[in-house]
Amino acid sequence: MATRPSYRKKIFDALHRLGTTIGDPNTIDFKMIAKEAHISVSNISREFKDLSHLFYEISVEKFKEHEALSTKITRLPGV
């Protein structure tokens, strides 16, 4: 049985774009994210139980990216 594709990256990218263009992040909802990501709201609901979960997961992802970059920087010669 084939597994459903993960839309996580598309959702994160859409949320990032919305977050940089919308003044108030409290107005962002699954419907807006789905429209921006060109996917259905049900695809988002399968990945995340609610907006709090989505914001938590994207925050964790950003911290992981930052940590990976920081590790690379500390391994540069002369640092």
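**Helix H4 and its surroundings**

Author: At the start of H4, Asp50 places a side-chain oxygen within 3.2 Å of the backbone nitrogen of Ser52. The model is predicted, and local features need pLDDT of at least 70, side-chain atom pairs count only at pLDDT 80 or more, and totals for chains, interfaces and linings use all residues. Residues are numbered from 1 along each chain as its sequence is written, and side-chain values use heavy atoms, with hydrogens and water left out.

H4 (a helix being a DSSP run of H or I with at least four residues) contains 24 residues. From its first C-alpha to its last, H4 reaches 35 Å, close to the 34 Å expected at 1.5 Å a residue.

H4, residues 51-74, packs against H1, residues 8-21, at an angle of about 95 degrees. The axes of H1 and H4, which are lines fitted to C-alpha atoms over the stretch in contact, lie 11 Å apart. H1 is therefore roughly perpendicular to H4, a description that covers angles of 65 to 115 degrees. In this contact (heavy atoms within 4.5 Å), H1 contributes Arg8, Ile11, Phe12 and Leu15. On the H4 side, they meet Leu54, Phe55, Glu57, Ile58 and Glu61.

H1 also has a contact with helix H2, residues 30-37; their axes come within 8 Å and cross at roughly 105 degrees. H1 and H2 are therefore roughly perpendicular to each other as well. Lys10, Ile11, Ala14, Leu15, Arg17 and Leu18 of H1 make this contact with Met32, Ile33, Glu36 and Ala37 of H2.

Note on methods
Axes are lines fitted to C-alpha atoms, for helices over the stretch in contact, and angles run from 0 to 180 degrees between N-to-C directions. Helices (H or I, at least four residues) and strands (E, at least two) are DSSP runs, numbered from the N terminus. Angles under 35 degrees count as roughly parallel, over 145 as roughly antiparallel, 65 to 115 as roughly perpendicular and the rest as oblique. The expected span of a helix is 1.5 Å times one less than its number of residues. A polar contact is a pair of N or O atoms within 3.5 Å; within protein, one must be able to donate a hydrogen and the other to accept it, and residues adjacent in sequence count only if both atoms are side-chain atoms.
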